[in-house]
Amino acid sequence: MLELRVRTTRRTEARDITEEVVRLVTGKQGSLLHLFCTHTTCGLLINEDADPDVMKDLIEAFEGLAPRNHGYAHAEGNSDAHIKSSLTGHSLTIPFSEGRLVLGTWQGIYLMEFDGPRERKIIVTLV
Amino acid sequence: MLELRVRTTRRTEARDITEEVVRLVTGKQGSLLHLFCTHTTCGLLINEDADPDVMKDLIEAFEGLAPRNHGYAHAEGNSDAHIKSSLTGHSLTIPFSEGRLVLGTWQGIYLMEFDGPRERKIIVTLV
Amino acid sequence: MLELRVRTTRRTEARDITEEVVRLVTGKQGSLLHLFCTHTTCGLLINEDADPDVMKDLIEAFEGLAPRNHGYAHAEGNSDAHIKSSLTGHSLTIPFSEGRLVLGTWQGIYLMEFDGPRERKIIVTLV
């Protein structure tokens, strides 16, 4: 069980963590890599890491699906972040082969921060 | 391969199953825990289990994303439940270390019932 | 690490790949099956494979959540597909027991094509 710490800088942020993950696991043994964020207002997802506009559109889409201001019951003012994190999910499982992460050409790994800025913890497991 | 049976009590319900899962797996061997519900109108997700308003807001948000009544093609009257279950997903993978489930402070495991009340089966695998 | 190639035939398509997956893995060793599509404009999900209207409703729901035309920033005209693939996710993990995939009675495995027609690659791992 390895660990990654990520400090986000804005309330909402698509933080590309691909390089940090690759650095952490390259050369290790296993056939599947599992990433798990131990929080309830951020999530993990895979998407394009070539054109930053893709993540801009994605963040805007999530804002449309769960607007920040909406008369929620939860009094902390971050219900939208809880909902968004349930739409992305809190873990990723990615193939791992010969000591290397197997991602598609356009795929990057993102920590989706929906209630930052905060320090986030990601637990990394190889099986 | 272990099994958990959960009887839900309403059509839509966020049922906290954290304690049942912990009881089932604590002390066992493995480094990842996998939960899988064998249905198509309920799902599994992780979110806050401190303030119940979080799940109230989440259920309402899902109802907004896939309203129960909407002129669906599927004639059984539960298309919204199929859609909602695809938004949550049907499985969870969670780190497991030294015989214990590794969850964040605020994280709980929920069976999201969208077409109850029913008895639901969850297959539990440790690898 | 096994591989499945799927050629989709329309821009948006719920392609049932259950049989192809079953053929590929039956008889093999492992306790969890992992499917991973190496793309950013298609996804994988589990849902009912009995009444085709379920997938018709699901596709329509996804179109409502991320409409094709919406003034997106990303200039390639497929931002909706990137968003939809983040809502479904790019991988599935399914229990595997005694050389067989463990699915519920009504569950099928779908490749959700959101920017086809294309040839799609799915990496299949058993652990």
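**View 1. Interface of chain C and chain B.** About 2,000 Å² is buried between chain C and chain B, with carbon and sulfur atoms giving 65% of that area; buried area is the accessible area (1.4 Å probe) that two parts lose on being put together, summed over both. The model is predicted: local features need pLDDT of at least 70, side-chain atom pairs count only at pLDDT 80 or more, and totals for chains, interfaces and linings use all residues. Residues are numbered from 1 along each chain as its sequence is written, and chains are lettered from A in the order in which they are written. Chain C brings 26 residues to the contact and chain B brings 24 residues, contact meaning heavy atoms within 4.5 Å.

**View 2. Salt bridges across the interface of chain C and chain B.** The rule finds 0 salt bridges here (a side-chain nitrogen of Lys or Arg within 4 Å of a carboxyl oxygen of Asp or Glu).

**View 3. The largest cavity.** Its volume is about 660 Å³. A cavity is a set of points on a 1 Å grid over the protein atoms alone where a 1.4 Å probe fits but cannot get out, and lining residues have an atom within 4 Å of a point. The volume is the space filled by probe spheres set on the points, which are joined across faces, edges and corners. Of the 41 lining residues, A:Thr88, A:Ser91, B:Thr88, B:Ser91 and C:Ser91 are the closest to the centre of the largest cavity.

**View 4. The second largest cavity.** This cavity holds about 40 Å³ of space. Leu32, Thr93 and Val127 of chains A, B and C line the second largest cavity.

Terms used
Side-chain values use heavy atoms; hydrogens and water are left out. On a 1 Å grid over the protein atoms alone, a cavity is a set of points where a 1.4 Å probe fits but cannot get out, and a pocket is an open set with protein on both sides within 12 Å along at least five of seven lines; lining residues have an atom within 4 Å of a point.
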